[in-house]
Amino acid sequence: MTTSADVHLRGASGPVRARARWPVADEPGVLLLFHVGEPCPHIVRPDVLVLEVCLDPPHESAVRDAAAVLGWVADHAAELGAAPARLTVAGRGAGAAVAAAVVRSARAEGWPEVALETNERTSK
């Protein structure tokens, strides 16, 4: 059984809506899943803390907000009961492009360390 909560995280342009789902596992990894301009699906994983982040368009604002959220999550993963070294960034639809952009930026800057990047693009 998981515990979940609607939360607001600190984005570059103000609060960002997110849904957090904690698994029962000890020191789970973190899956940071970005969505842009669409409802967040309800994803439950038994092995990771899932943070589904709902970003508002346009793309530039979404990328700035996502980068701020990524930094915050990297800094506070342990406080959330998760393992900071097991940080995964992903996105769906337009969120996939945002996820890719923030991971490229994090790698170029050398922080935060992202263990895995995975994205799903949807066609419309």
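This is a predicted model: local features need pLDDT of at least 70, side-chain atom pairs count only at pLDDT 80 or more; totals for chains, interfaces and linings use all residues.
Residues are numbered from 1 along each chain as its sequence is written, and side-chain values use heavy atoms, with hydrogens and water left out.

When I say helix or strand, I mean a DSSP run, numbered from the N terminus, with at least four residues of H or I for a helix and at least two of E for a strand.

How do the two axes lie? The axes of H1 and H2 come within 9 Å and cross at roughly 55 degrees; these axes are lines fitted to C-alpha atoms, for helices over the stretch in contact, and the angles run from 0 to 180 degrees between N-to-C directions. The two helices are therefore oblique to each other, since angles under 35 degrees count as roughly parallel, over 145 as roughly antiparallel, 65 to 115 as roughly perpendicular, and the rest as oblique.

Which residues make this meeting? From H1 come His59, Ala62, Val63, Ala66, Ala67 and Leu70, and they meet Ala97, Val98, Ala101, Val102 and Ala106 of H2, where contact means heavy atoms within 4.5 Å. By class, that contact holds ten nonpolar residues, one polar and no charged ones; here Ala, Val, Leu, Ile, Met, Phe, Trp, Tyr, Cys and Pro count as nonpolar, Asp, Glu, Lys and Arg as charged, and the others, Gly among them, as polar.

Now to each helix in turn. H1 covers residues 59-76, and at 1.5 Å a residue its 18 residues should span 26 Å, which agrees with the 25 Å between its end C-alpha atoms; the expected span is 1.5 Å times one less than the number of residues. Its buried residues are Ala62, Val63, Asp65, Ala66, Val69, Leu70, Gly71 and Val73, where buried means under 20% relative accessible area, exposed over 50% and partly exposed in between, with a 1.4 Å probe and protein chains only. Their cover includes strands E1 (3-11), E2 (14-22), E3 (29-36), E4 (48-55) and E5 (87-92), together with H2 (94-109). Trp72 also belongs to H1, and apart from its neighbours within four places in sequence it is in contact with Leu9, Arg10 and Leu80. Trp72 and Arg10 are 62 residues apart along the chain, yet their C-alpha atoms are separated by 7.4 Å.

For H2, the 16 residues should span 22 Å at 1.5 Å a residue, and the end C-alpha atoms are 23 Å apart, which agrees. Among its buried residues are Gly95, Val98, Ala101 and Ala106, and Ala96, also in H2, is buried with a relative accessible area of 0%. Just after H2, Gly110 takes a positive phi of about 80 degrees.

Finally, some backbone details in the loops. In general, most residues other than glycine have a negative phi, and most peptide bonds are trans. A cis peptide bond joins Pro57 and Pro58, with omega about 5 degrees, and Pro58 sits in the loop between E4 and H1. Another cis peptide bond joins Trp111 and Pro112, with omega about -10 degrees, and Pro112 lies in the loop between H2 and strand E6 (116-120).

Glu27 lies in the loop between E2 and E3, and it counts as exposed because its relative accessibility is 57%. In that loop we also find Val24, which counts as exposed at 64% relative accessibility, and Ala25, which counts as partly exposed at 30%.
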